[in-house]
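These are my notebook entries on one structure. I set down what I looked up, in the order in which I looked.

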Amino acid sequence: AELVGRVKEAALGAYAHQDLPFEKLVAELAPSRDLSRQPLFQVMLVLQNAPSASLSLGELTVEALAAERQSAKFDLTLSLSETADGGLTGSLEYAADLFDPETVARLVQHLSRVLAQAAAAPTTRLGAFALLDDSERRQLLTDWNDTAAPCPQNATVQALFAEQARRTPAATALIFGEEALSYAELDARANRLAQHLRSLGVGPDVIVGLCVERSLEMVVGLIAILKAGGAYLPLDPALPAERLSFMLADAQAPLVVAHTATRAALPQIPTVDLDTDAEAIAAQPPTHPDDTATSQHLAYVIYTSGSTGRPKGVMVHHAGIVRLVRGA
């Protein structure tokens, strides 16, 4: 009821200026012109509530015919007419580039539902009216939100990767520049490095630094550390040496996987050099080492920026990663 009063007041105020030439209105408002839409408004409501006068032309029979239009003047035009019994009849014209018929039909159903509620209880606040019927509410709140999916409770990242490698061994897993690795090749290379790391004592919750440039070896090293049962600590070789030393010391990482070129940025620490140790790594078997890590063991440690104080290492377990990936 309050809204109707406001609309009445605004409409009567507008009628006082109805003789203003449209060209002058456009000139005064100077709207941004865009050929894809009308410049002043895009939605129009038309209510034909003037009594229709009968037309008599002697013996002629006069009948009103609906004019069919092939193009919409506005995005939406709702045309309503009062009927003899006090009801409303009308049509909704729409731009087919913006709306499909199902959407427009739903708009009309929602409008009809709101009007019926407003007529029955005009003092109700607008926000209390229901747009949706029971089936639409069930579809939105229940059917479309039925997103429950099975999540492996005890899976690890390396186990899920091994499953994928078995399913699609020939599929391309990595591309870097002109180089590429299939899932089978990536799995075998990661297994050899994992066996080497395992021989050096890497196991569950052992944090291993990974300091390499972006390359195929970065992903090989990451997966290998997980396959060995350990957790990786990403170390950007472009970071200051003090920052790298702090992270290694704070995380208590006993070992780093690096290239010869990136070792220079690191402090004195036992290192698996992917270049100089390549022959020893290649001599390892390409089979997956026995799984010793569980979903509750560490997968990696990532450090905050430290912009609000001392940097902190955030420890992420396998269960959290698996839940996120499976959920997404």
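**Entry 1: pockets**

I noted that β1, β2 and α3 each supply at least two residues of the lining of the second largest pocket. I take helices (H or I, at least four residues) and strands (E, at least two) as DSSP runs, numbered from the N terminus. The model is a predicted one, in which local features need pLDDT of at least 70 and side-chain atom pairs count only at pLDDT 80 or more, while totals for chains, interfaces and linings use all residues. Residues are numbered from 1 along each chain as its sequence is written, and side-chain values use heavy atoms, with hydrogens and water left out.

For pockets I used a 1 Å grid over the protein atoms alone: a pocket is an open set of points where a 1.4 Å probe fits, with protein on both sides within 12 Å along at least five of seven lines, and lining residues have an atom within 4 Å of a point. Grid points are joined across faces, edges and corners, and the volume is the space filled by probe spheres set on the points.

The second largest pocket holds about 400 Å³ of space. Its lining draws most on α3, which gives four residues. I found Tyr 15, Met 44, Thr 77 and His 110 among the lining residues. By class, 10 are nonpolar, two polar and none charged; here Ala, Val, Leu, Ile, Met, Phe, Trp, Tyr, Cys and Pro count as nonpolar, Asp, Glu, Lys and Arg as charged, and the others, Gly among them, as polar.

The largest pocket has a volume of about 1,200 Å³. I recorded 31 lining residues, with Leu 3, Val 4, Val 7, Leu 115 and Ala 118 nearest its centre. α1 (2-15) is among the elements that each supply at least two lining residues, and α1 has the largest share, seven residues. The lining of the largest pocket comprises 20 nonpolar, six polar and five charged residues.

**Entry 2: aromatic pairs**

I searched the whole structure and found four aromatic pairs, a pair being rings of Phe, Tyr and Trp (its six-membered ring) with centres within 6.5 Å; planes under 30 degrees apart count as stacked, over 60 as edge-to-face and the rest as tilted. The ring centres of Phe 41 and Phe 74 lie 4.9 Å apart with planes at 25°, so this pair is stacked. Phe 41 is in the loop between α2 (22-29) and β1, and Phe 74 in the loop between β1 and β2, so the pair ties together parts 33 residues apart in sequence. Is Phe 74 buried or exposed? Phe 74 counts as buried at 12% relative accessibility (buried is under 20% relative accessible area, exposed over 50%, partly exposed in between, with a 1.4 Å probe and protein chains only). Phe 41, at 34%, counts as partly exposed.

Phe 246 and Tyr 303 form an edge-to-face pair, 6.0 Å centre to centre with 75° between the planes. Phe 246 lies in helix α8 (residues 241-251) and Tyr 303 in strand β10 (residues 298-303), so the pair ties together parts 57 residues apart in sequence.

**Entry 3: nonpolar cores**

I took a nonpolar core as a set of buried Ala, Val, Leu, Ile, Met, Phe, Trp, Tyr and Cys residues joined through side-chain atoms within 4.5 Å. The largest has 30 residues, and Leu 186, Leu 193, Leu 197, Ile 225, Val 257 and Val 272 have the most contacts inside it. Apart from this core lies another, of 18 residues, Tyr 303 among them.
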